[in-house]
Amino acid sequence: SAIDRSESPASQPRGNDPPEIIAKDEATAMLPVPERVEVGNSPIYITGRKLGKGSSGKVYVGRRLGMPSGGYKGRNAIEVALKFVHRRSREGSCDPPYEWQVYQALNGCYGIPSIHYKGCQGDYYILVMDLLGPSLWDVWHSAGQEMSVLKVACIAIDAISILEKIHSKGLFKAI
């Protein structure tokens, strides 16, 4: 059976959400994202294919206009990830998302995308960030839904390392 990645359980309103929050989420869920993005003195990016969707927004590939072909990285990358959070969503709530502060605190940490530009355009808060490698979902499915013990161990070590770095920055405390 096919699984629709665009509708993760995290993106669904929970039963304990107040009706006005559920209505807000449903009202902003279908609005189109901008086809062209230019925020915070960034170059112009064309919004490409959708990479994913979660409770805090939608992520698309962005392709920079006017760049000669080649392998650029960081602020000069040809392809980036564009994260869109609707300004009237629960996370946007008329102020820049808290996520922006978290990314700023984690800037330069292994496994965390660097943010190159951020700002508002139309109805969206937008982050222009590094496009990392394939998602765990993509790796799982490209391997026929099987992974070697070594691959799982490597992923676990990376995940623990990233969580340790997040903890060291004071962004969450152990329970």
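A salt bridge is a side-chain nitrogen of Lys or Arg within 4 Å of a carboxyl oxygen of Asp or Glu. The model examined here is a predicted one. In this model, Lys 83 forms a salt bridge with Glu 99, and the closest N and O atoms are 2.8 Å apart. This pair links distant parts of the chain, since Lys 83 belongs to strand S4 and Glu 99 to helix H2, 16 residues apart.

**The salt bridges**

How many salt bridges does a search of the whole structure find? The search finds two. Besides the pair already described, Glu 79 forms a salt bridge with Arg 63, with the closest N and O atoms 3.7 Å apart. Glu 79 lies in strand S4 and Arg 63 in strand S3 (residues 57–64), so this pair ties together parts that are 16 residues apart in sequence.

The partners can also be described by their relative accessible area. A residue is called buried under 20%, exposed over 50%, and partly exposed in between.

| Residue | Relative accessible area | Class |
|---|---|---|
| Lys 83 | 9% | buried |
| Glu 99 | 18% | buried |
| Glu 79 | 40% | partly exposed |
| Arg 63 | 44% | partly exposed |

Because its relative accessible area is 9%, Lys 83 counts as buried, and Glu 99 is likewise buried at 18%. In the other pair, Glu 79 is partly exposed at 40%, and Arg 63 is partly exposed at 44%.

Lys 83 lies in strand S4. An unreviewed UniProt entry carries the annotation "binding site" for Lys 83. Leaving aside residues up to four places away in sequence, Lys 83 touches Ser 56, Gly 57, Lys 58, Val 59, Glu 99, Tyr 125, Ile 126, Leu 127 and Met 129. With one of these, Glu 99, the side chain of Lys 83 makes a polar contact through the side chain of Glu 99, at 2.8 Å.

How are the strands arranged? Six strands form an open sheet in the order S1-S2-S3-S4-S6-S5, with antiparallel pairing. Strand S1 (36–37) and strand S5 (115–121) stand at the edges with a single partner strand each, so one side of each is left without a neighbour in the sheet.

Helix H2 (residues 98–106) lies across strand S4 (79–86), S5 and strand S6 (124–129). The helix runs at about 20° to S6.

**Two residues with positive phi**

Most residues other than glycine have a negative phi. Asn 41 is not a glycine, yet has a positive phi of about 65°. Asn 41 is placed in the loop between S1 and S2. Is Asn 41 buried or exposed? With a relative accessible area of 79%, Asn 41 is exposed.

Gln 145 is also a residue other than glycine with a positive phi, in this case near 60°. The loop that holds Gln 145 runs between helix H3 (136–142) and helix H4 (149–168). Gln 145 has a relative accessibility of 41% and therefore counts as partly exposed.

Notes:
Residues are numbered from 1 along each chain as its sequence is written. This is a predicted model: local features need pLDDT of at least 70, side-chain atom pairs count only at pLDDT 80 or more; totals for chains, interfaces and linings use all residues. Side-chain values use heavy atoms; hydrogens and water are left out. Two strands pair if DSSP finds at least two bridges between them. Helices (H or I, at least four residues) and strands (E, at least two) are DSSP runs, numbered from the N terminus. Contact means heavy atoms within 4.5 Å. Axes are lines fitted to C-alpha atoms, for helices over the stretch in contact, and angles run from 0 to 180 degrees between N-to-C directions. UniProt positions are given in the numbering used here, feature names are shortened, and annotations may be inferred rather than shown by experiment. Buried means under 20% relative accessible area, exposed over 50%, partly exposed in between (1.4 Å probe, protein chains only). A polar contact is a pair of N or O atoms within 3.5 Å; within protein, one must be able to donate a hydrogen and the other to accept it, and residues adjacent in sequence count only if both atoms are side-chain atoms.
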